[in-house]
Amino acid sequence: MGRAFGFLSLIVVVAVGSYIYMRQTQGVMSAGSSNHTATVDLIGVRNDLLAIAQAERSHAATQGGYVSIEALRSQGDLTMTRDNRGPYNYSAEISDSSFRIVATYAGPDSSMPRILSVDQTMQVSQQ
């Protein structure tokens, strides 16, 4: 009886986890357009923003401050060589105690988010 209860508990946990995963995936996929290339670009931009933000956090932990994207590259904290992905261009807003990495959309598709950004909390937001 105990084994059956344990097995059923495992099935319930896996089902809940699968449901949550599918809901999150749908949110990412619906944020873009029906154009598959645009959706791939959007997911890539989110990943790029998180990579740049992680490089900023690592740099701040070792050097004591935030720097521009170019400085991250020149000091070896960021290996990404481009400043854009598809129709999105990257920029950084830096202060002594915070940063915000911004991806600005410059393409023709009106269903795409115009601005994606991430800050030191590692939360990607879109406008």
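This is a short tour of the structure above, with something to select at each stop.

**Stop 1: the confidence colours**

You are looking at a predicted model, so start by colouring the chain by pLDDT. The average over the protein is 87, and 91% of the residues score at least 70. Now select helix α1, residues 2-30: among the elements of the protein, α1 has the lowest mean pLDDT, at 78. Strand β3 has the highest, at 96.

**Stop 2: the sheet**

Next, show the strands. There are 5 of them in an open sheet, in the order β1-β2-β3-β4-β5, with antiparallel pairing. Select β1 (84-85) and β5 (124-126): these two stand at the edges and each has a single partner strand, so one side of each is left without a neighbour in the sheet.

- **β1 and β2.** These strands run antiparallel and are joined by 2 bridges. Pick R85 and you will find its bridge partner, Y88, in β2. The hairpin of β1 and β2 has 2 residues between the strands, and in this hairpin G86 takes a positive phi near 55°.
- **β2 and β3.** Here the antiparallel pairing covers 7 bridges. These strands also form a hairpin, with 4 residues between them. Select I94 to see it stand opposite F99 in β3.
- **β3 and β4.** Their antiparallel pairing has 5 bridges. Select A103, whose bridge partner in β4 is L116.
- **β4 and β5.** This antiparallel pair has 3 bridges. Look for V118, which stands opposite V124 in β5.

Before you leave the sheet, go back to β3. Is it mostly covered or mostly uncovered? It is mostly covered, with 5 of its 7 residues buried.

**Stop 3**

Now select α2, residues 36-63. This helix has 28 residues. From its first C-alpha to its last, α2 reaches 40 Å, close to the 40 Å expected at 1.5 Å a residue. Turn the view until you can see α2 lying across β1, β2, β3, β4 and β5. Its direction is at about 160° to β3.

Just after α2, click on G64, which takes a positive phi of about 85°.

Then step back into the helix and pick A51, which is found in α2. Is A51 buried or partly exposed? Buried would mean under 20% relative accessible area; A51 has 37% relative accessibility, so it counts as partly exposed.

**Stop 4: the nonpolar core**

In soluble globular proteins, nonpolar side chains tend to be buried together. The largest nonpolar core has 22 residues. Select L49, I52, Y88 and Y90, the residues with the most contacts inside this core. Which elements give two or more residues to the core? They are α2, α3 (69-74), β2 (88-94), β3 (99-105) and β4 (115-119). Helix α2 gives the most, with 7 residues.

For a last look, centre the view on I52. Leaving aside residues up to four places away in sequence, I52 touches I69, L72, L78, M80, Y90 and I101. Of these partners, Y90 is also one of the residues with the most contacts inside the core.

Note on methods:
Residues are numbered from 1 along each chain as its sequence is written. This is a predicted model: local features need pLDDT of at least 70, side-chain atom pairs count only at pLDDT 80 or more; totals for chains, interfaces and linings use all residues. Side-chain values use heavy atoms; hydrogens and water are left out. A nonpolar core is a set of buried Ala, Val, Leu, Ile, Met, Phe, Trp, Tyr and Cys residues joined through side-chain atoms within 4.5 Å. Buried means under 20% relative accessible area, exposed over 50%, partly exposed in between (1.4 Å probe, protein chains only). Contact means heavy atoms within 4.5 Å. Two strands pair if DSSP finds at least two bridges between them. pLDDT is the predictor's confidence in each residue, from 0 to 100. Axes are lines fitted to C-alpha atoms, for helices over the stretch in contact, and angles run from 0 to 180 degrees between N-to-C directions. The expected span of a helix is 1.5 Å times one less than its number of residues.
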